[in-house]
Structure formats: C-alpha cells, structure tokens
Amino acid sequence: MPVFTRFHQSSRPGDGRSGAEPQPERAQKADVPEGAETAGAGTRLSRLRTWRTRLPRAARALHLTTTALAAVLVLGALLLPNTLPALKAVSFARIPAEAVIGAVVVLALPPRPRLAAAVLYGLGLTALTTVNLLDMGFNEYLGRGFNAALDWDLLPDAQAYVEDTLGGGVATAAAVGAVLFVLLVAAVMVAAAVRLASVLARHRVRATKGALIAGTAWVTCSALGLTLFGGPVASERGAGALRVHAQRTVESLRDEAAFVKQSKADTFGNTPPGQLLPDLRGKDVIFTFIESYGRSAIEDPVMAPGVDRTLDTGTRALEKAGFAARSGWLTSATYGGSSWLGHSTTMSGLWIDNQRRYRTVSAGDHLTLTKAFQKTGAWDTVGVMPGVQKGWPEEKWYGLDKLYDAFDLGYRGPKFSWSTMPDQYALEAFQRQVHGKKRDKPLMSFVILTSSHQPWAPIPKMVGWDELGDGSVFDAIQKAGNQASDVITDTAKSRQEYGKSIQYSLTSLTQWLQRYGTDDTVLVFLGDHQPIARVSGTGASRDVPVSIVAKDPKVLDKVADWNWTEGLKPGREAPVWKMSAFRDRFLKAFGSTPHPSTG
C-alpha cells in the first residue's frame, strides 16, 4: 500500500488510532491515493481559473466576443419586428429606449438587486421575443397578430393540422421543439442580460457616460422626429409591443363580456315558425362552404386566370341546364384559417372572429340560419362535413337533424393531406345517401367542402362520376400528386396549387349541381375565408365570393334588390357586405318576419 495513503489515514482528525490499517473495502480499490481525484479536479479548476493569466489575448478576445454577442442579442430582441416583411437589417438601426433605461437601472443597483433585475430583464426579453415570433406566424397565416387572451385555444388545432399534413412525428417534434426553443431563448436572454449587467458594473464610470450619451441621443432624435431607413431613430419598439399585447388582452376580455349580452339579442329570436322563410317552402336549399375560396382566387393575376375560366365554364354549363346565378362579396370574420369562425358568422348573423366568441355563441340558443329551417318544421336538416373526425356538439346549435362526418360517407380512398376525401366524392356520397333519396319533406343541407384546404398538395383530380365507387379510384391520383412538404414552404408553388385546388372544388360543385340539381334546388355557396397571406398577399382584403343558384326565377327575383352580379363570378363593383349581415338579409328576402328577443 502506498505510503501516502497510510499517512493520510493515520492523521485524520478523530480517528483515535495511530497507523490504523485501511478497511478491507478500501484495500480493494484501485491503487489511487485517497484525495488524488479531488486534488486532480482542483488542479484542473485552478488551471481553468488561471488561463486568463497564461493566455491574456485569447481571454480578452473571448471576453469581448461574449460581451458583443450579449449586446447583439439584447438589442436584437428589443428591435425585433413582428412581421416577416419588416425583418430587415435596417429595422435594427435604431436606439432602443429600453436598453438605455436598463443600463441606468443596473448601474444604480447594488450587486444582489442588480442580478435580480438582470434576470427579470432577460425574462422580459424572452416574453418579447416569443410574442414577436408568434405575431410573425399569425400575421403570415391568419393576417393578424397573436392574442394572448384568445389564441392559446388554437394551439391544439395547429398541432392537429401539422399532424394531418406532415405526420404525427413531425407534429410531436414541432411541439417539443417549440417548448425547447422558448426555454433556450430564456436561458440565452437571461445569460446575456446578466453578462451585460456585470460588464456595466465593472466599468461603472465609462458605462455611466455611455448611458448618458445614448439617453441624450435618444431624447434628441425623439424630439426632432429623426428617421432612418423609413423608421424613427429613437425606438421604443420593445415596450410598445408588450403594451400592445397587454391592451389587446384587456380589450379582448372586455369584449367577451359585451359579446355575451350581444349574443342574447336576436332580430328573429321570437319569430314564430310559420313566419320563417315562407318564400322558400318546398325548395331543397343547400348552403355550401368552399374552403379558402377568397377574393384573391378571382382577382390575383397568378391564380385568377384559371379560376375565372372555371367560373365562366360553370356559369355556361349551369345556364344550359336551366340554372341562373347571382354573385356578390362578403367580408369574412376570419382570414387564412379558423374556417368555423366564417361558418358560424354567416349562419348566426353575429361577428364571430375569435374562439372565445365561437364558444360563447355555440353554447347558447342564438338562432342560426340553418336552425331557422329546422324550427319551421317544414324541412329535414342535415350536415355533410367530411372534415369532422370527432364529436361535434355544435350540431345541435346549427339545428341539424343528422350529421354525416368523415366516417359516415363510406370513403375508402386515401386522404389528400388535411382533407379526408375529395370534394367530388363527398358530393356524390351526399347525393347517394341524402339528397337523392325520397322524403316527405324538402331538404336543407349544410355542406362543407375541404379539398381546397391548405397546404394544397396533393390535389385530387376529377374522375367520371360513375367511377367514384368507394373512393379507391383516387389512390393513384394521390400518389402521383405533390407532397405537402414540397409546397407548404414555397410561395410560388403554394399560389399555383391553391388556384388549382379552387378550380377543382368549383368544378366538383357545379358539375354536381348540373348532374343532380332539380327545379326545386337552391344552392348558396361561398368561401369561408381568404387563403393565408403568403398566398393572398400582404394586406389583402378579407372578402370572399358568395353565389345563389336556382332554376326557379322567383327565387332570384327575391334578391334582385341586392344588385349582385349575374353568373358565378362577382364583379369588382358588386356589393360587399359583412359576413354577419347575410343571415338577416337572407331571412328578410325570403319572407321572414322579425320578432326580436332581448335575451
């Protein structure tokens, strides 16, 4: 046994034994002197601590680099825009007030409060960065900023969309990655804030002078209104962004309380059944929403040529079959997604532009247009919703006697990304299982078509109506189509494929009507919202086309004073109404008598 080990053990305080032999278990250890590992670790730590002395240039370079990186991170977070178009280098050529104030605060504090302030500052930068990135995503896809009071409810739907589009593994990885990213941002921002606070404290005199100069420059630029690259030199972007989000949250909570009262008041809430829709008695009425069918599809130079040809072809074919059409514009309550907000706004006559409003109104008894048909007792009412793949309690609020979801239509073919089945198949199944059957009452149908849903890849193609079968005919078409991953991030491809998907949906619907429509068929079809901003363009309107098609001229005579355009394509100068105005206008046009309820 090494002499060092015996000596160490014999001289331990309180041992009570001189020259005591080691315990057996110690004798079995490797022949490494006790304390050697600790001594080695201490030596390595000592070397790490003294490397600055041995390598002063490298130490100084590392010190300057980490400090500069910390400054870049902090300034970048304070000046980060909340939209992708604004994400340019010139956006960061500003003097942020929050940086000057932060420097002044840490210089005035003693060590422990300074550390706490730096940590809180870093967490504030984390929150700011997170909401700005969320704003970018929401502006890109939904045409509006993130709302902290309302939009957390959309996250499960977003994950479900990614899962349906790109697969469960990608959805899980994206969710985990998002959480890890936020934690990483928090760690980095806190470390950067602490680093800068420490540097400022060590160089207090120079830091104080620098803060004074920066503060004076900020005040001067602000007072003179100086701008650089189209923006103010004196920036308060960070504080302003957090203030906007705070105000948005407070306003949303207040709005929710006001909307509860509004939803209880209804122009037709007490209208007797016999006074609802008397001028449509005996008609088979179909309300159909085409996913993402927006104004851009008709007017954008990239997408419009193909869509316009489809509308013109459909108009001529329907005229040949004896149908006439009138078309106008509705301004949707949503944009780029959240289709159910467009559906519920149109049917309820209320402006439902967020999930809280949707939950509030769908849990109540506000009269929907579809429920008005049910209330009369003169129609059977059904819903055909191939996009619904789970329980849907809103069925009762919509007044549907029967709902046909993705599992009720007999489809055995492949999914087309998010869409569970092609529109042509869904419409044929609707004809086979519902519309084509004899019944004692006319039918009111609520049909949601999904083939034009983002990401527009792969897109179905028309097949012979007699060849549809159980949908297996679409296997080869689905396999030969584009992959969602190849289109979803490519703006040019997305716009092209979006236009093609709208052409497909319109062709499916107009051919179905031409094939199966009767003298008593009345079709109302419209878009639920515009496609995402990457496709419709920054600052695009929220308008969607709406058309009424019928063989009976008396039906269109009832809406003659609407001044809608003849045919399936609304003119540029056709009237534009808020989507929430449609219910009351439709009810009045077809003879309904208002009897208000106040809740």
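Is Asp520 buried, partly exposed or exposed, by its relative accessible area?

Author: A word first: this is a predicted model. Asp520 is partly exposed, because its relative accessible area of 34% falls between the limits of 20% and 50%.

Now its partner. Asp520 forms a salt bridge with Lys283, and the closest N and O atoms are 3.5 Å apart. The two come from distant parts of the chain, 237 residues apart. Lys283 sits in the loop between helix 10 and strand 5 (284–290). Asp520 sits in the loop between helix 20 (491–516) and strand 10 (521–527). Lys283 has 11% relative accessibility, so Lys283 counts as buried.

Take Lys569 and Asp308. Their closest N and O atoms are 3.2 Å apart, and they form a salt bridge. Lys569 lies in the loop between strand 12 (565–566) and strand 13 (576–578), and Asp308 in helix 12 (residues 304–320), so this pair ties together parts that are 261 residues apart in sequence. Here Lys569 is partly exposed, with a relative accessible area of 31%. Asp308 is buried, at 13%. Some bridges also share partners: Arg295, Glu299, Asp543 and Arg572 are joined in this way into one network.

The side chains of Arg248 and Asp135 meet at 3.8 Å, N to O. Arg248 belongs to helix 10 (residues 237–264), while Asp135 belongs to helix 6 (residues 111–142). They are 113 residues apart, so the link spans distant parts of the chain. Arg248 is partly exposed, at 23% relative accessibility. Asp135 is buried, at 2%.

The axes of helix 6 and helix 10 are 10 Å apart, and the packing angle is about 70 degrees. That angle makes helix 6 roughly perpendicular to helix 10. The crossing of helix 6 and helix 10 is left-handed. Helix 6 brings Leu128, Val131, Asn132 and Asp135 to the contact. Helix 10 brings Arg237, Gly238, Ala241, Leu242, His245 and Arg248. By class, the contact of helix 6 with helix 10 has four nonpolar, three polar and three charged residues. Both partners of the salt bridge, Arg248 and Asp135, are listed in this contact.

Stay with helix 10 for one more residue. Val244 is found there. Val244 is partly exposed, with a relative accessible area of 38%.

Helix 4 (residues 56–79) and helix 8 (residues 168–202) have axes that come within 9 Å and cross at roughly 120 degrees. That makes helix 4 oblique to helix 8. Their crossing is left-handed. From helix 4, the contact takes in His63, Thr66, Thr67, Ala70, Ala71, Leu73, Val74 and Ala77. From helix 8 come Val188, Met189, Ala192, Ala193, Arg195, Leu196, Val199 and Arg202. By class, this contact of helix 4 with helix 8 has eleven nonpolar, three polar and two charged residues.

Notes
Residues are numbered from 1 along each chain as its sequence is written. This is a predicted model: local features need pLDDT of at least 70, side-chain atom pairs count only at pLDDT 80 or more; totals for chains, interfaces and linings use all residues. Side-chain values use heavy atoms; hydrogens and water are left out. Axes are lines fitted to C-alpha atoms, for helices over the stretch in contact, and angles run from 0 to 180 degrees between N-to-C directions. Helices (H or I, at least four residues) and strands (E, at least two) are DSSP runs, numbered from the N terminus. Angles under 35 degrees count as roughly parallel, over 145 as roughly antiparallel, 65 to 115 as roughly perpendicular and the rest as oblique. A crossing is left-handed if the near helix is turned anticlockwise from the far one by less than a right angle, and right-handed if clockwise. Contact means heavy atoms within 4.5 Å. Ala, Val, Leu, Ile, Met, Phe, Trp, Tyr, Cys and Pro count as nonpolar, Asp, Glu, Lys and Arg as charged, and the others, Gly among them, as polar. A salt bridge is a side-chain nitrogen of Lys or Arg within 4 Å of a carboxyl oxygen of Asp or Glu. Buried means under 20% relative accessible area, exposed over 50%, partly exposed in between (1.4 Å probe, protein chains only).
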